[in-house]
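This report walks through selected strands, a helix and salt bridges. Have the sequence and the model open as you read.

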Amino acid sequence: VTAFVRTDQNSAFGTNFQRGVYPKASVSWLRLHESVFPHLSGMDEFRLRAAYGASGTQPGSNDALRSFSPTVANLKGTDTPGVLFSTLGNANLKPERATEFETGFDAKFLGGRMTADVTYYNKLTKDALISAIVPPSLGAASSVRSNLGSVKNDGWEFQLFSQLLERRRLGIDLSLSASANSNELVSLGGLPPQVGTTTRAETGYPLFGFWAQPITGWNDKNHDGILTYNADPALNEVFLGDSTIFRGYHTPRYTVTAQAGFDLLNRRLRITAMGDYRGGNLWYNNTERIRCVSRQNCNGLMNPDASFQEQAMVVATRDNPGRTLDGFFQPGWFYKLREVSVTYALPENIAAKIFRSRSASVNFAGRNLAKFTKYRGVDPETDRDAGASSDTPDEFQTLANPSYFILRFSVGY
């Protein structure tokens, strides 16, 4: 359903609507709000939109099937062939179904030099497919493909483009996109809470968010600069909460991408710069966890000048009976200078003389040039299971996204 308004370019906005054919409800909406439009000076077009759709996802081709693997067991000194469960299978497995409502508006301003898109969406997924944890007493695989009750995602998306300056010799443009998302597990559909080492699927919380016994503080009571755990509360220097609680989303909730472009030298030289922000989440520094706990060579353990925060992180997971991983769930927000690019288009006569071509250009670009974050690991964007089916991303002995540079020549005939 769309309601569309276009102003008469020769009149004040709202005084002379040019209408096409609209649903009655849309026309009524326009008439009801005509008194508002005259105040939106500079607006050329305004379009309301709404959509509703449904889709589904089939389980894997073998997810419902039970399978076995051969083995040999020694019975009374005799090797005897046998079979073991490889996968439990689930005869009641159903397709995942999703319905989504979306609404928003598109608008143009200042003779088309500025455009704006705003969208709100609300998506409900029923029978969501997950790998449900099963008790070890079953003596088979540790998980089975199952259907959750329902999961809700809702949020906003924004896009803005503006041609700030447009001259024959010079141009400046700016584009901005942003999004905000909220996730909630509405129902488990009869399944018990899915409790993992670092995540949980629990009703009323984000799906597979980070859970841990929180580090509530520390106090260097003997003033030696080194935090320690002691079973005696009077001597203990690192403090934990009483129970495991939700600590945060595992994927970014908020994203912002901004790009500025500059056209110079009669539009032959174009310079662009793009920046990214991701935030509203935690990132699991699994590399530091294994260094501190298993290899015992991390900064918080071996460096006497390490901050109290780093020391508390180690003490809470190595020495405290709670063995919490809370300190390794670290702020995942970052700002990145994602790309800077310079492109120069050669004059046509030079392109024809040198390359015997109709056009030619040269481009030099750099990617991942700078990063600003409070994450203490390598990079809050690196994920060891990228492209895999893991529910929770983490950094585990992985490399940061590399900075790289590209030089490209383009010739057109």
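Arginine 268 counts as partly exposed, at 24% relative accessibility. Here buried means under 20% relative accessible area, exposed over 50%, and partly exposed in between (1.4 Å probe, protein chains only). This is a predicted model, in which local features need pLDDT of at least 70 and side-chain atom pairs count only at pLDDT 80 or more, while totals for chains, interfaces and linings use all residues. Residues are numbered from 1 along each chain as its sequence is written, and side-chain values use heavy atoms, leaving out hydrogens and water.

Which side chain meets arginine 268 in a salt bridge? Glutamate 348 does, at 2.8 Å from N to O. A salt bridge is a side-chain nitrogen of Lys or Arg within 4 Å of a carboxyl oxygen of Asp or Glu. Glutamate 348 lies in helix α5 (residues 348–355) and arginine 268 in the loop between β17 (254–264) and β18 (269–279), so the pair ties together parts 80 residues apart in sequence. Glutamate 348 is partly exposed too, with a relative accessible area of 46%. Helices (H or I, at least four residues) and strands (E, at least two) are DSSP runs, numbered from the N terminus.

The structure holds 17 salt bridges. One of them joins arginine 367 and glutamate 339, with the closest N and O atoms 3.2 Å apart. Arginine 367 sits in strand β22 (residues 359–373) and glutamate 339 in strand β21 (residues 334–345), 28 residues apart.

Arginine 278 and aspartate 276 also meet, at 3.9 Å from N to O. Aspartate 276 is buried, with a relative accessible area of 8%. A network of salt bridges links Asp276, Arg278, Lys336, Arg338, Asp379 and Glu381.

## Strands and a helix

Strands β12 (residues 199–201) and β13 (residues 209–212) pair antiparallel over 2 bridges. Two strands pair if DSSP finds at least two bridges between them. Threonine 199 stands opposite phenylalanine 210 in β13. Strand β13 also runs antiparallel to β16 (residues 245–248), joined by 3 bridges. Alanine 212 has isoleucine 245 of β16 as its bridge partner.

An open sheet of 3 strands has the order β20-β19-β23, with mixed pairing. Its edge strands are β20 (329–331) and β23 (394–395), each pairing on one side only. Strand β19 (residues 282–285) joins β20 through 3 bridges, running antiparallel. Tryptophan 283 has glutamine 330 of β20 as its bridge partner.
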